[in-house]
Amino acid sequence: MRAEDLLPDHQNKFQFSDGTIIRKGTVGAFLVNAKVWCDPAAEPAQRAVAERDLLDSLPALRALGLFEVLSISDDALRDFVERH
């Protein structure tokens, strides 16, 4: 399957039957936020924003099954995701 088969160019989001919405870019945003959250040199305010955005993305990423296929190598991030 190609990305455009899942979400065509003209469509920006998909709603699962349980009401969970995933937008284009959710996985990419998770990766960017994870890098900030894991960076010990990140400013506390940046890290707080990244944490909030990580939390917001978890329902959609779980609905996609991301964590059933990929494992998180960073122990702290993996624990964070598992706790929330």
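Trainee: In which helix do Asp 75 and Arg 78 both lie?

Mentor: First, a caution: this is a predicted model, where local features need pLDDT of at least 70, side-chain atom pairs count only at pLDDT 80 or more, and totals for chains, interfaces and linings use all residues. Residues are numbered from 1 along each chain as its sequence is written, and side-chain values use heavy atoms, with hydrogens and water left out. Helices are DSSP runs of H or I with at least four residues, strands are runs of E with at least two, and both are numbered from the N terminus. Asp 75 and Arg 78 sit three residues apart, about one turn of the helix, and that helix is H5.

Trainee: How far apart are the closest N and O atoms of Asp 75 and Arg 78?

Mentor: A salt bridge needs a side-chain nitrogen of Lys or Arg within 4 Å of a carboxyl oxygen of Asp or Glu. Asp 75 and Arg 78 form one, and their closest N and O atoms lie at 2.5 Å.

Trainee: Is Asp 75 buried, partly exposed or exposed?

Mentor: Buried means under 20% relative accessible area, exposed means over 50%, and partly exposed is in between (1.4 Å probe, protein chains only). The relative accessibility of Asp 75 is 48%, so this residue counts as partly exposed.

Trainee: How many salt bridges does the structure hold?

Mentor: Asp 75 with Arg 78 is one of them. Arg 2 pairs with Glu 4, with the closest N and O atoms 2.2 Å apart. Asp 53 pairs with Arg 52, at 3.0 Å between the closest N and O atoms. The structure's count of salt bridges is three.

Trainee: What pattern does the chain follow along the sequence?

Mentor: Start with the parts: five helices and two strands. Read in order along the sequence, they give α-β-β-α-α-α-α.

Trainee: What share of the residues of the chain counts as buried?

Mentor: The C-alpha atoms fill a box of roughly 40 × 25 × 25 Å along the principal axes. The chain has 84 residues, and the share that counts as buried is 25%.

Trainee: Is Asn 33 buried or exposed?

Mentor: Asn 33 is in helix H2, which covers residues 26-38. Contact means heavy atoms within 4.5 Å. Leaving out residues up to four places away in sequence, Asn 33 touches Ala 50, Asp 53 and Leu 54. Its relative accessibility is 14%, so Asn 33 counts as buried.

Trainee: At roughly what angle do H2 and H3 cross?

Mentor: Axes are lines fitted to C-alpha atoms, for helices over the stretch in contact, and angles run from 0 to 180 degrees between N-to-C directions. The axes of H2 and H3 come within 8 Å, and the crossing angle is roughly 145 degrees.

Trainee: What is the handedness of the crossing of H2 and H3?

Mentor: A crossing is left-handed if the near helix is turned anticlockwise from the far one by less than a right angle, and right-handed if clockwise. H2 passes H3 in a crossing that is left-handed.

Trainee: Which residues of H5 meet H3?

Mentor: H3 (residues 44-64) and H5 (residues 75-83) pack at about 65 degrees, with axes 10 Å apart. That crossing is right-handed. From H3 come Glu 51, Leu 54, Leu 55, Leu 58 and Arg 62, and they meet Leu 77, Phe 80 and Val 81.

Trainee: How far apart are the C-alpha atoms of Glu 51 and Trp 37?

Mentor: Not counting residues up to four places away in sequence, Glu 51 touches Trp 37 and Phe 80. Glu 51 and Trp 37 are 14 residues apart along the chain, and their C-alpha atoms are separated by 6.4 Å.

Trainee: Which residues make the nonpolar surface patch of about 230 Å²?

Mentor: Patch residues have over 30% relative accessible area and no salt bridge; like charges are joined within 9 Å, and nonpolar side chains (Val, Leu, Ile, Met, Phe, Trp, Tyr) within 5 Å. Areas come from the Shrake-Rupley method with a 1.4 Å probe, and for residues only the protein chains shown count as cover. Val 27 has a relative accessible area of 32%, so Val 27 is partly exposed. The patch is made by Val 27, Leu 31 and Leu 64.
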